[in-house]
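Subject: Handover of a structure

Dear colleague,

Please find below the structure that I am handing over to you.

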Amino acid sequence: MKQNNHKFFLHTSKSTIAKARALRKRMTPEEKILWSHLRNKSFDIQFRKQVPFGPYILDFFYLAKKLAIELDGDQHYENDAKEYDAARDEYLREQGITILRFRNREVKTNLDGVMQMIWETCK
């Protein structure tokens, strides 16, 4: 990682970093599908997976555009999770991060549409 990009990761605990490493090894099926498309080098866009950012872990992150992509399973639509995600999103927006959220189901049923939205945001 380039020196000037370290400022985005300064307030990340060792436990969050360790958790991110573990999550990279056990991605959900939907994360694996999306990751296989995001890492396609023909688009010249470098996403990283399970990126520790402050107290949180981003599913996918494109540093050059400060773009986070989050995949949400059904648990994200329960009341406690909604509140957590709202606070998390607010924190990320305060750091200048743009967040795209997709339901896991969208990755399975409309991958082309998901990819189109991601690429348009990256332009």
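How many helices and how many strands are there in the protein chain? There are five helices and four strands. Please bear in mind throughout that this is a predicted model. Along the sequence, the elements of the chain follow the pattern α-α-β-β-β-α-β-α-α. The chain has 123 residues, and 43% of them are buried. Of the contacts with a separation of 6 or more, 64% are between residues 24 or more positions apart.

The sheet

The four strands form an open sheet in the order S1-S2-S3-S4, and their pairing is mixed. S1 and S4 are the edge strands, each pairing on one side only. From one strand to the next, the twist averages 45°.

Strand S1 covers residues 48-53 and is joined to S2 by five bridges, the two strands running antiparallel. Within this pair, Pro52 has Ile57 of S2 as its bridge partner. S1 and S2 form a hairpin with two residues between them, and Gly54 in the turn has a positive phi of about 60°.

S2 and S3 also run antiparallel, and three bridges join them. Here the bridge partner of Tyr62 is Leu67 in S3. This pair forms a hairpin with four residues between the strands, and Lys66 in the turn has a positive phi of about 50°.

S3 and S4, by contrast, run parallel and are joined by six bridges. Asp72 stands opposite Arg103 of S4.

Is S2 largely enclosed or largely open? Seven of the seven residues of S2 are buried, so this strand is largely enclosed by the rest of the structure.

One residue of strand S1 also deserves a look, namely Gln50. Its relative accessibility is 2%, and a residue counts as buried under 20%, so Gln50 is buried. Gln50 and Phe61 are 11 residues apart in sequence, while their C-alpha atoms are 7.9 Å apart in space.

The nonpolar cores

In soluble globular proteins, nonpolar side chains tend to be buried together. Which residues touch the most other members of the largest nonpolar core? That core has 20 residues, and those with the most such neighbours are Leu34, Leu38, Phe47, Phe60, Ile69 and Ile118. At least two core residues come from each of the following elements: helix H2 (29-38), strand S2 (56-62), strand S3 (67-72), strand S4 (98-103) and helix H5 (111-122). H5 gives the most, with six residues.

Leaving out residues up to four places away in sequence, Ile69 touches Leu34, Leu38, Phe47, Asp59, Phe60, Leu100, Phe102 and Ile118. There is also a second, separate core of nine residues, among them Val51, Phe61, Ala68 and Ile99.

Helices H2 and H5

Two packed helices are described by the angle between their axes and the distance between the axes. For H2 and H5, the angle is about 50° and the axes are 11 Å apart. That angle makes H2 oblique to H5. The crossing in which H2 passes H5 is right-handed. On the H2 side, the contact is made by Ile33, Leu34, His37 and Leu38, and on the H5 side by Leu111, Val114, Met115, Ile118 and Trp119.

Setting aside neighbours within four places in sequence, His37 is in contact with Leu111, Met115 and Trp119. His37 and Met115 are 78 residues apart in sequence, yet 8.0 Å apart in space from C-alpha to C-alpha.

Yours sincerely,
A colleague

How values were computed:
Residues numbered from 1 in each chain as written. Predicted model: local features only at pLDDT ≥ 70, side-chain atom pairs only at ≥ 80, totals over all residues. Heavy atoms only, no water. Core = buried A, V, L, I, M, F, W, Y, C linked by side-chain atoms within 4.5 Å. Buried < 20%, exposed > 50% of the residue type's maximum accessible area, 1.4 Å probe, protein only. Contact = heavy atoms within 4.5 Å. Pairing = 2+ DSSP bridges. Axes fitted to C-alpha atoms, helices over the stretch in contact; angles between N-to-C directions. Parallel < 35°, antiparallel > 145°, perpendicular 65-115°, else oblique. Left-handed = near helix turned anticlockwise from the far one by under 90°.
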